[in-house]
Amino acid sequence: QVQVVESGGGLVQAGGSLRLSCAGSGSIFGINTMGWYRQAPGKQRELVASITRFGRTNYADSVKGRFTISRDNARNMLYLQMTSLKFEDTGVYYCNADPPTITKWGQGTQVTVSS
């Protein structure tokens with residue numbers, strides 16, 4: 001069973017950058033599409049970026065052009081490079097499959113963008 005651990009969040013000023021990492025304890029190579037999800041305070045969790053095992057990417061309109069998702073199948077790693085961060089990017093970021101078939105969500109990593 002795949003388990004994931006997210007890291008890399010923090011406090012950053014608007015316009016800044018962060019790189020999030022997701023380590024899979026099992027093999028994520030077998031999962032076709034992996035994604036990064038975000039849950040802002042008082043809102044539902046939403047998918048912000050996804051990537052297939054062959055590198056095809058998709059982004060929510062709100063992050064397009066600012067976020068870049070990547071994966072390293074050999075190392076069971078998923079990444080999210082975030083640039084030009086905005087206040088509305090604040091939230092807890094999680095990784096999971098797309099759709100989210102990994103039953104046990106990780107603890108997430110908090111991203112706080114100060115305006």
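The model is a predicted one, and every value below was computed from it.

**Strand β5 and its partners**

- Strand β4, which covers residues 33-39, runs antiparallel to β5 and is joined to it by six bridges, and within this pairing Y37 has L47 of β5 as its bridge partner.
- The two strands β4 and β5 make a hairpin in which six residues lie between them, and in the turn G42 takes a positive phi of about 75 degrees.
- Strand β6, residues 57-59, is also antiparallel to β5, with three bridges joining the two, and here A49 is found opposite Y59 of β6.
- A hairpin is formed by β5 and β6 as well, with four residues between the strands, and G55 in this hairpin has a positive phi near 95 degrees.

**Residue I51 in β5**

- I51 belongs to strand β5, and with a relative accessible area of 5% this residue falls under the 20% cut-off, so I51 counts as buried.
- When residues up to four places away in sequence are set aside, I51 touches N32, T33, M34, R56, T57, I69, S70, R71 and L78.
- V5 lies 46 residues from I51 along the chain, and the C-alpha atoms of the two are separated by 18 Å.

**Strand β3 and its partners**

- Strand β3 is mostly covered, with five of its seven residues buried.
- Four bridges connect β3 to β1 in an antiparallel arrangement, in which S7 is placed opposite S21 of β3.
- Strand β3 also pairs with β8 in the antiparallel sense, over six bridges, and A23 has M77 of β8 as its bridge partner.

**The largest nonpolar core**

- In soluble globular proteins, nonpolar side chains tend to be buried together.
- The largest nonpolar core in this model has 27 residues, of which W36, I69, L78, L80, M82 and Y93 touch the most other members.
- At least two residues of this core come from each of the strands β3 (18-24), β4, β5, β7 (67-72), β8 (77-82), β9 (91-97) and β10 (109-114).
- L78, one of the core residues named above, is in contact with L20, S21, C22, M34, G35, W36, I51, I69, S70, R71 and C95, leaving aside its neighbours within four places in sequence.

**The largest pocket**

- Rolling a probe the size of a water molecule over the atoms shows where empty space is left.
- The largest pocket has a volume of about 190 Å³, and of the 13 residues that line this pocket, R38, A40, K43, E88 and T90 are the closest to its centre.
- Sorted by class, the pocket lining consists of seven charged, three polar and three nonpolar residues.

**Backbone features in the loops**

- Most residues other than glycine have a negative phi, and most peptide bonds are trans.
- N76, in the loop between β7 and β8, has a positive phi of about 55 degrees although it is not a glycine, and N76 is buried, with a relative accessible area of 18%.
- S84, in the loop between β8 and β9, is likewise not a glycine and has a positive phi of about 45 degrees, while its relative accessibility of 39% makes S84 partly exposed.
- The peptide bond from D98 to P99 is cis, with omega near 0 degrees, and P99 is found in the loop between β9 and β10.

**The start of the chain**

- Q1 is part of the segment before β1, which covers residues 4-7, and at 73% relative accessibility Q1 is over the 50% cut-off and so counts as exposed.
- Although Q1 is exposed, this residue touches S25 and T103, not counting residues up to four places away in sequence.
- Between Q1 and S25, which are 24 residues apart in sequence, the distance in space is 8.3 Å from C-alpha to C-alpha.

Definitions and conventions
Residues numbered from 1 in each chain as written. Predicted model: local features only at pLDDT ≥ 70, side-chain atom pairs only at ≥ 80, totals over all residues. Heavy atoms only, no water. Pairing = 2+ DSSP bridges. 1 Å grid on protein atoms, 1.4 Å probe; cavity = no way out; pocket = protein on both sides within 12 Å on 5 of 7 lines; lining within 4 Å. Points joined across faces, edges and corners; volume = space filled by probe spheres on them. Nonpolar A, V, L, I, M, F, W, Y, C, P; charged D, E, K, R; others polar. Buried < 20%, exposed > 50% of the residue type's maximum accessible area, 1.4 Å probe, protein only. Contact = heavy atoms within 4.5 Å. Core = buried A, V, L, I, M, F, W, Y, C linked by side-chain atoms within 4.5 Å.
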